[in-house]
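Subject: Handover of a structure for your review

Dear colleague,

Please find below the structure that I am handing over to you. My notes on what was found in it follow directly after it.

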Amino acid sequence: MSEQQYIEFYSECRDMIMSKSTAVMNNERDKAFELFKQYGFPSQKVERYKYTDVDKAFAPNYGILFTPLGIAPSSYIFSLKDAPKDMTAYYNRLADTSDGITLLNTMLAHECLLIYVPKNTKVEKPINVDNWIRGAVPSMMNRRLLVVLESGADATVIVGDHATDQQAFLTTQVVEVFCHDNSRLDLYEIEETTPGMNRFSNVYIHTENDCNVRHSCITLHNGTTRNLCDVSMEGQYTEVTLNGCAIASATQHIDNNTLIRHIAPNCTSNELYKYVVDEQAVGAFAGKILVEKDAQKTSSQETNNNLCASPEARMYSQPMLEIYADDVKCAHGSTVGVMDETALFYMRQRGIPEEQARMLLKNAFMGQVIDQISYEPLRSKLYVKVEKRFLGELEKCKTCNLCK
Amino acid sequence: MLEIKNLHANVNGKEILKGVDLTIRDGEIHALMGTNGAGKSTLSKVIVGDPSYEVTEGSIMFDGHDLLAMKPEERANAGIFMSFQQPIEIPGVSMANFLKAAVNAKRKYQGLDPMKASDFLSMMREKRKLVSMDSKLVNRSVNEGFSGGERKRNEIFQMAMLEPTFCILDETDSGLDVDALRIVAEGFNKLRKPETSAIIITHYQRLLDYITPDTVHVLLDGRIVKTGGPELAKQIEDNGFDWIKGGSINYDFESVTC
């Protein structure tokens, strides 16, 4: 299957990749390669991958890009090879070593972006990470991000994913996030790419005591997207919020897969994912809340609401709760609905054209999740972007310099 | 203004309107009364173009246009407004955005530029006062958390914003207390221009105490069976509909026997 070309590539180019990289990353490569040979890509028989055809996405013959990181001078952003303290101990510690995509990323990623916020430091302005891909031929990029918040650190990180050119692209991304005691992180991922894009993102978050962590995953425009987010809540009195906004039309595909593991007691998790799928688009959401036996007094709420705006659109929703503790408060729910015809008619009776009325209803539906965004300038920007998206005015990203 | 001829309409395959003829001239107010299920609301929904109702026969002309060939939004922009019997909540769509979209759609239809934001806000303020609507309600989503009475008042507020030439008040009085009824009815009278026409659907005389109709129609089993002046509404209030059923030559024989 499509693993073979990556196995061959690594066997031939191992030394070249290593020469562009750093010891801490190189130390992990061969191990990952051995495991990748063993596991390969997950097939749709694997529970967590049943909604996305990984093999098909990795089948084309992509040129693999080894673009160097461009880092503006900052006190908090580094390439892992220039890390200020010994950050190397964090690398590849959270990543799931049985996930074929994470393994491939570990084999091939040549650089790792590090966001490091020292003890008791509050980063006032958000840290922006903009990823873009362009090329005249089908191209692949393997990105790696490491976020370390020491105790009492506080940061907002906005990761944008952009693409230009109507070309087949593939990106793999592994993000490892360590939140030490009493830290606060607001992490946004915003995808505005093109129909040729295949995005595979695996995010792993580890929290300790008294943390407040929010992860918002927003897909405004894409091709095929598969986002995984695993959170391990290992300390007490931590609050984790996962929000998702997914808008798909044409033949776009958005698959979000989340796992929140409550390991320690007295923690709270909230999850809200909303989808609007239109035309022939496909949306999938699978989210599991796992409450382990020691995680007493867990409070957890998981919600997935979806709007199928056309008869051909498909939505798969799979909220899951798995509880081994006996003193917890957990709820999960999911809805899949169609456009409210009564509301639509009410608006048309007031003279609002049908298309605009539909747009207003879709926008209102998504508004609930945008309301959750705590960084105000981003929230205002997203209200506008979401509206533009529903008006069909967001066909290419206008935020990155390349598109201007 | 409005001319309905031999109108037949179905909902879910069941015939509700069985040949309605009705002419309303500029400036006239017509009250429409009748038993539950007689077809009053169906008639109003057909006029505004609700897609769940199917017209099988007949015609409606509005200011010289074939109304049945127009989309609901075109009918609205041409000046038709319906105050809904059960106004729906639209969470997430603010009253301001909703009304701005409606006002500007009408202006576009009339070949005008969109309204300036400041003009729009002062217009909202002025019209809101006309129907004594709380400013807090205007800052919410459409009808979200509104009481039954507040929703009805909001309908008249929207009417004030859109300045229609033809209004349908579908049981606007139901669910209103006496004071609210007076405010809503007075609001309607203030908004009304000499050429504004209306159909008022009601079960009770009390709304007609405030808004005096020129003509009263009784709709029974899908047909207008009796037409008279304002005194007809009073007779119905006192005697019900049975005397009309018995005495009507238009009435369907099968139903008379039951």
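Two strands pair if DSSP finds at least two bridges between them; strands (E, at least two residues) and helices (H or I, at least four residues) are DSSP runs, numbered from the N terminus. The model is predicted, so local features need pLDDT of at least 70 and side-chain atom pairs count only at pLDDT 80 or more, while totals for chains, interfaces and linings use all residues. Residues are numbered from 1 along each chain as its sequence is written, and chains are lettered from A and ligands numbered from 1 in the order in which they are written.

Sheets of chain B

In chain B, four strands make up an open sheet with antiparallel pairing, in the order S2-S1-S4-S5. Its edges are strand S2 (14-24) and strand S5 (65-66) of chain B, each of which pairs on one side only. Strand S4 (residues 53-62) of chain B is joined to S5(B) by two bridges, and the two run antiparallel. Phe62(B) has His65(B) in S5(B) as its bridge partner.

A further open sheet of chain B has six strands in the order S6-S9-S10-S3-S11-S12, with mixed pairing. Here the edge strands, pairing on one side only, are strand S6 (80-83) and strand S12 (223-228) of chain B. From one strand to the next the twist averages 20 degrees; axes are lines fitted to C-alpha atoms, for helices over the stretch in contact, and angles run from 0 to 180 degrees between N-to-C directions. Strand S11 (residues 215-220) of chain B runs antiparallel to S12(B), with five bridges joining them. Val216(B) stands opposite Gly228(B) in S12(B). Helix H6 (residues 148-162) of chain B lies across S6 and strand S9 (166-170) of chain B, and runs at about 165 degrees to S6(B).

Parallel strands of chain A

Strand S4 (residues 127-133) and strand S6 (residues 154-163) of chain A pair in the parallel sense over seven bridges, with Ile127(A) opposite Val157(A) in S6(A). S6(A) is also joined in parallel to strand S8 (residues 184-192) of chain A by nine bridges; Asp154(A) has Arg184(A) in S8(A) as its bridge partner.

Strand S16 (residues 299-308) of chain A runs parallel to S18(A), and 10 bridges join them. One of the partners is Thr335(A) in S18(A), which is bridged to Asn305(A). How many residues of strand S18 (residues 329-338) of chain A are buried? The count is zero among its 10 residues, and the strand is hardly covered. A residue is buried if 20 or more other C-beta atoms lie within 10 Å of its own, exposed if 12 or fewer, and partly exposed in between, with C-beta atoms placed from the backbone.

Helix H5 (residues 341-349) of chain A is mostly covered, with seven of its nine residues buried. Among them are Phe345(A), Tyr346(A) and Gln349(A). The cover over the buried residues includes helix H6 (354-370) of chain A, together with helix H1 (40-48), helix H2 (72-77), S6 and strand S7 (90-94) of chain B. H5(A) is followed by Gly351(A), whose phi is positive, near 95 degrees.

The axes of H5(A) and H6(A) come within 9 Å and cross at roughly 130 degrees. H5(A) is therefore oblique to H6(A): angles under 35 degrees count as roughly parallel, over 145 as roughly antiparallel, 65 to 115 as roughly perpendicular and the rest as oblique. In H5(A), Ala343(A), Leu344(A), Met347(A) and Arg348(A) meet Glu354(A), Ala357(A), Arg358(A), Leu360(A) and Leu361(A) in H6(A). Two residues are in contact if their C-beta atoms, placed from the backbone, lie within 7 Å.

The two chains together

By that criterion, 20 residues of chain B are in contact with 17 residues of chain A. On the side of chain B that touches chain A, H2, S7, helix H3 (95-109) and H6 of chain B each supply at least two residues.

Two asparagines with positive phi

Asn92(A), although not a glycine, has a positive phi of about 65 degrees. It lies in the loop between strand S2 (77-79) and helix H4 (100-108) of chain A. Asn12(B), also not a glycine, has a positive phi of about 50 degrees and is found in the loop between strand S1 (2-11) and S2 of chain B. Is each of these residues buried or exposed? Asn92(A) is buried, because 23 other C-beta atoms lie within 10 Å, whereas Asn12(B) is exposed, because it has 8.

A colleague
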